[in-house]
Amino acid sequence: MRRHVLGRLVLMAMVPAAGDDLFPVHEAAAGGDMDRIRNLMVEGYNPFVPDEKGRTPVALARQSGRRDCADFLASLRFKIYPSGNTYTGQMRDGREEGWGVYRTVAGNLYAGEFRDGLFHGQGMWRYISGREYRGSFYKGLIAAENVASRDRYGDTVLFREVRRG
């Protein structure tokens, strides 16, 4: 396995097996499998790394006529926050917008929909312990509970869950 280090985030790209010249993200891109690309990104695979022939996943998707997949891959950006947290996903006007993966330096991650830089829509929050919450988020908060609620210390539902995680 070859590892590509970008900031504090380790993004992986599997070295192809003998006779196979495609990396997993490249293979999914060539087949137009956006769900697999998203799952690979959640697991830490880098959608920007060229393969041994210099081909990027977006180039392979275009070459294979997988326009939706190529458009998705072309819309991806990478951002490192001052805290060291990272984001790989779609952006609009410099803000997280669309689908992406947010990783904290502590090892937690969110994968799902963003709106105006916040977790918003369907997503998954995975704690470093491996525990997960899958469901709806609303303006950065878990929507399964009263999103307006705060505990006696003024903490939001998501902050309390992250701290507990």
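This is a predicted model: local features need pLDDT of at least 70, side-chain atom pairs count only at pLDDT 80 or more; totals for chains, interfaces and linings use all residues.

**Exercise 1.** Which residues in α2 meet which residues in α4?

- Step 1: look for α2 at residues 34-42 and α4 at residues 67-74.
- Step 2: pick out the residues that touch. From α2 these are M34, I37 and R38, and they meet D68, C69, F72 and L73 of α4.
- Step 3: sort them by class. The contact of α2 with α4 has 5 nonpolar and 2 charged residues, with no polar ones.

**Exercise 2.** Work out how the axes of α2 and α4 are oriented to each other.

*Solution.* 
- Step 1: the two axes come within 10 Å and cross at roughly 25°.
- Step 2: angles under 35 degrees count as roughly parallel, so α2 is roughly parallel to α4.

**Exercise 3.** Describe the second largest pocket and its lining.

*Solution.* 
- Step 1: its volume is about 230 Å³.
- Step 2: 14 residues line this pocket, and N39, V42, A111, M124 and R134 lie nearest its centre.
- Step 3: trace where the lining comes from. Helix α2 turns up again here, and α2, β6 (109-115), β7 (118-126) and β8 (132-138) each supply at least two residues.
- Step 4: by class, the lining has 4 nonpolar, 5 polar and 5 charged residues.

**Exercise 4.** Where is the pLDDT below 50?

*Solution.* 
- Step 1: take the whole protein chain. Its mean pLDDT is 82, and 73% of its residues reach 70 or more.
- Step 2: Over residues 1-21 the pLDDT is below 50.

Technical notes: Residues are numbered from 1 along each chain as its sequence is written. Side-chain values use heavy atoms; hydrogens and water are left out. Axes are lines fitted to C-alpha atoms, for helices over the stretch in contact, and angles run from 0 to 180 degrees between N-to-C directions. Helices (H or I, at least four residues) and strands (E, at least two) are DSSP runs, numbered from the N terminus. Angles under 35 degrees count as roughly parallel, over 145 as roughly antiparallel, 65 to 115 as roughly perpendicular and the rest as oblique. Contact means heavy atoms within 4.5 Å. Ala, Val, Leu, Ile, Met, Phe, Trp, Tyr, Cys and Pro count as nonpolar, Asp, Glu, Lys and Arg as charged, and the others, Gly among them, as polar. pLDDT is the predictor's confidence in each residue, from 0 to 100. On a 1 Å grid over the protein atoms alone, a cavity is a set of points where a 1.4 Å probe fits but cannot get out, and a pocket is an open set with protein on both sides within 12 Å along at least five of seven lines; lining residues have an atom within 4 Å of a point. Grid points are joined across faces, edges and corners, and a volume is the space filled by probe spheres set on the points.
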